[in-house]
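Hi,

Here is the structure I promised you. Have a look, and my notes on the helix packing follow below.

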Amino acid sequence: MNTPLTNDLLGQLQGQPLADISNQLGLSPSQTENAVSAALPLLLGALGRNASQPQGAEALFGALQRDHAGLGIGSVLGSVLGGGGQGGSILGHVLGGRQNTAAQGLGAATGLGQGQASSLLQMLAPLVMAYLAKRMFAGGGAGQAASPQHLGDVLGQEHQSIAQQGGVGGSLMGAVLDRDGDGDTDFSDLIGLAGSFLGGGRR
């Protein structure tokens, strides 16, 4: 069975990338890993939800091919930390009107301020896109030809896996994506989730 996308990407960010993100946000390494562990399932889950629609999968596939193919995670992170990377516009496509809700939820679950949570999501969005492009177009697609259908299948499986695993990522994804976005969302049930998750060790 393939490694879930979230776990694979988190593994690729270990070491210097996470240290650089920590420095940029003024967080401790453990806070940063905690927050990234919660944010990646949210972003990949949102992409999975979008790609479950045929037009969504085609639009995402086109964007990966046009704007993100051939970019390494290290070079993308360097651009992001330098103020580039178009994280805000990517988030606009991925989360739509849920951007503020996502930042609020991530902040509640991890103890970050909303500004820090928003900055982290903007940093991670271009990294997620570069990672997906690499999976699709650089032989990471388990031998299947890259296509919108295949991309939709891969992201759909990831969305399902995140939901089944639960934990901080699954709870946050459910709280942000599975509500109808009609105003303020109550994240009281998410508060401190990451802390208790960290305290409980890794599975």
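A crossing counts as left-handed if the near helix is turned anticlockwise from the far one by less than a right angle, and as right-handed if clockwise. By that rule, α3 goes past α9 in a left-handed crossing.

Before the rest: this is a predicted model, where local features need pLDDT of at least 70 and side-chain atom pairs count only at pLDDT 80 or more, while totals for chains, interfaces and linings use all residues. Numbering starts from 1 along each chain as its sequence is written, and side-chain values use heavy atoms, with hydrogens and water left out.

Back to that pair: the axes (lines fitted to C-alpha atoms over the stretch in contact, angles from 0 to 180 degrees between N-to-C directions) of α3 (residues 29-51) and α9 (residues 148-165) come within 8 Å and cross at roughly 130°. Helices here are DSSP runs (H or I, at least four residues), numbered from the N terminus. On the α3 side, Pro41, Leu44 and Gly45 are among the residues that meet α9, whose partners include Gly152, Leu155 and His159; contact means heavy atoms within 4.5 Å.

Then there's α2 (residues 16-25), whose axis comes within 11 Å of that of α8, crossing at roughly 145°. This one is right-handed. Ile21, Gln24 and Leu25 in α2 meet Gln116, Ser119, Leu120, Met123 and Leu124 in α8.

Cheers

Terms used
Helices (H or I, at least four residues) and strands (E, at least two) are DSSP runs, numbered from the N terminus.
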